[in-house]
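Dear colleague,

I am handing over the structure below, and I would be glad if you could look through it before reading on.

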Amino acid sequence: MRKVKAAIPLMPVRDVVVFPHTNITFKVGRDLSKKAIEAVLRTENREMAVVMQKKKAEEVPELDDLNKVGVICSIIQVVEGLGGVCHIFLEGKKRIRLKNTEWDTEGYLKTGTSPFATRNKKSSEVPKLRKILEVSLHDYFDGSKMSADFLQNILDIDDDEKFLDLIAAGFYDMKTGDAQKILETTDLIERYEQVTSFIKLQLELKDLEEAIELNVKEKFERSQKEYFIHEQINALRSELTESKQDLEEEDELSSKIDLLDAPVSVKSKLNEEYRRYVSLPPMSNESAVIRTYIETLLSLPWRVFKGSPIDIGKAEKILENDHFGLSEVKERILEYLAVLKLKGDLKAPIICLVGPPGVGKTSIASSVAKATGRNFVRVSLGGIKDEAEIRGHRRTYISALPGKIIQHIKKSGVSDPLFLLDEIDKLSSDYKGDPASALLEVLDPEQNSSFIDHYVDIEFDLSKVLFIATANDKTMIPPALRDRMEIIDIEGYTWFEKNNIARKFLVPKQKQYNGIEKIGLSFTKDAMNSLIDSYTSESGVRELERKIASICRKIALEKVGGKSIVHNRKTISQKDLVDYLGTAKYSDKTRAGESGIGLVNGLAWTPYGGSVLQMEVIRYPGKGDIKTTGSIGDIMKESVDIAVSYVKSVAGEMFGVGKEEWEKYTIHVHFPEGAVPKDGPSAGMAVAVGVASVMTNSFVRSDMGMTGELTLRGKVLKVGGLQSKIMAAKKAGIKTVYLPQANDQDLIKLPEEIKKGLTIKTVGTAKSVIAESLMVKKFDKNRSISRENLYQ
């Protein structure tokens, strides 16, 4: 067991390793170091321990932040400097191990020490290793300015430990971590190997520097003529009293061009434009245009890549942490990333996330960027109708700019960002061109490796960019673009998902945003249900978040206004919602309705979610014509015509209503909320039930809803937006929903919480729907239809 010597003052140093047998000078400014020096100067031997601290940024290091091996040093001289800084000259004596380090009452560190023993000093390997090291030193100093006497002085040292310490201390470019490792190594053979490895590495670097210098020299000789011409031009400019600042700017541009890592075609174009730039008067308009163009090319990330290898486990974890629900969407994203990982290229179809506002399309894209380690950039395409906004403007006028693609690539700073094309369904066009056509090249994996922006006018490789698009309505995406994309539908969140998102994400987020994170804010079950059902009407959670934010702001006002919040907790009840948000904004129209003749609940899809339209059909004396109102489009008008024609074709068989009956009446079909445009084919089945109702004077059940496109032969065709429609029906209190039989597979995929409490029936033809929807309550005296006839 080694004996621990009495404690001596300890001075921690930063970013330097002191070796035995060497002299070194320090600037000392820290109080703990100056107090240690003062304590040493009061002793006879003027010795102290010196050790490097691990974290150089720490002003007062922790005891664990000190290395365990240091050096005993003697203070040779201390010189007071300006500003409280002193200069200390030390001589390293011997290695020691620190023991029982602690703080002295006077505010400096002190430590006990134990001897540091070196092993294998007498080993037969030592002379061989020394010979190898001496040869490496001769090679390193060969031809250098260092005198042969100085090198010989090192080689004349017989003591191996001193020999190695002087070499290690003499190379100032040795990393402190490597130097500390040499200091701590107890085995002399291993210490020789460490120093020799370092010298050989320096030799390799020296050879590399000489090779580079030779290469530069050869290039310089080849370009001497150009250099002298350039110098002559500079001399002429000086004669023309051109400002020094202009020359410096030109030199800076030239330097940036030389250093730019870009394809040969780019460098060639830059050099060409630079020669034009320096030949023009500095104040000319063309000079400013060329200067802007050169700077634009220099700022583009031609060969800068950041994306990391795809980790599917990490990607899944990020998607789960960032988004609640949307399991099918997450699974499809992970499948896409898995294919991308296996193939190693981006030639798969571009993903397009389609869904109502607020369902998380943009945040999903952001999570994918995070999962793949890519920079994230977003460009909104809504309202863009000029092709130049995508491809850029030609450099024919001063205010020309690159297109949005190149601008955002420049903003990202890398060649492989995740690029979000937001609201791609809202592109438009005019006489200036079609931006959708310009996007075809951007999104086509076979073409985008050589994308040319009109402003840049050089090929830029977009093949490494991961494009993701978003849209609210896929039918509005130009067909050619839609062909290049894989559509992933996000129909919206279920009530259960909204409830969880609100409690786990939105409430904590808005508490933090509004400065009330220390208040225990919670919602009762009834209050949250009412907030979702009666104060919002959306497929996403954007409006829900705004309502929660409004409540948080009012609570913040209460707190600042001095209103007491008991135990710093606040539970929002259903009554509190009225106080904070006023009366409920949304009510379900069909809940209050009664069964009536010609009143049918049609289920509709909009870009903002599902809705229930209570269509109204009446008849009145006329000439057998059809009238439609309610701001409907051509497709919906055709659906009405088809539905009426079908009912006419089966009316005699099913109801006993003949041709004469139809010719006596005009049928009027109205879709409420006339200010809201409506279109689409899925109203056919509901219209058929409404027409059958008025022609048989039968009531339609108010607890039924339906959707489905109808053919002239009564076949019910598949429709979209199923989840949104069923959620709207459930919210409206509808108990039975009729869907096309062709949607059976889509129905299986729906979450159980959506279908719970509903009777969902799928039908292939309209006959059974008409029969089950009508209730015989009262008929004209002149006509009597039995219930049995309705079910034929």
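Please keep in mind throughout that this is a predicted model. To begin with the charged side chains, with which residue does Glu-59 form a salt bridge, and how far apart are the closest N and O atoms? The partner of Glu-59 is Arg-14, and the closest N and O atoms of the pair are 3.5 Å apart. Since Glu-59 sits in the loop between β3 (47-52) and β4 (69-80), while Arg-14 sits in the loop between β1 (5-13) and β2 (23-28), the pair ties together parts that are 45 residues apart in sequence. Glu-59 counts as partly exposed because its relative accessibility is 45%, and Arg-14, with a relative accessible area of 33%, is partly exposed as well.

This pair is one of 43 salt bridges that the structure holds. Another one joins Arg-130 to Glu-134, with 3.0 Å between the closest N and O atoms. These two residues are 4 apart in helix α2 (residues 125-141), which means that about one helical turn separates them. Both Arg-130 and Glu-134 are buried.

A further salt bridge links Arg-391 with Glu-387, the closest N and O atoms being 3.4 Å apart. Here Arg-391 is buried, as its relative accessible area is 15%, whereas Glu-387, at 26%, is partly exposed. Elsewhere, salt bridges that share partners join Lys-269, Glu-273, Arg-276, Glu-286 and Arg-395 into one network.

Let me turn now to helix α9, which covers residues 264-279.

Which residues of α9 are buried, and where do they lie around the axis? The buried residues are Val-266, Lys-269, Leu-270, Glu-273, Tyr-274, Tyr-277 and Val-278. Because they cover an arc of only 160° around the axis, they lie on the same side of α9. In general, an α-helix has 3.6 residues a turn, so residues three or four places apart point the same way. On the other side of α9, Val-264, Arg-275 and Ser-279 are exposed.

Technical notes: Residues are numbered from 1 along each chain as its sequence is written. This is a predicted model: local features need pLDDT of at least 70, side-chain atom pairs count only at pLDDT 80 or more; totals for chains, interfaces and linings use all residues. Side-chain values use heavy atoms; hydrogens and water are left out. The expected span of a helix is 1.5 Å times one less than its number of residues. Buried means under 20% relative accessible area, exposed over 50%, partly exposed in between (1.4 Å probe, protein chains only). The arc is that of the directions from the helix axis to the C-beta atoms. A salt bridge is a side-chain nitrogen of Lys or Arg within 4 Å of a carboxyl oxygen of Asp or Glu.
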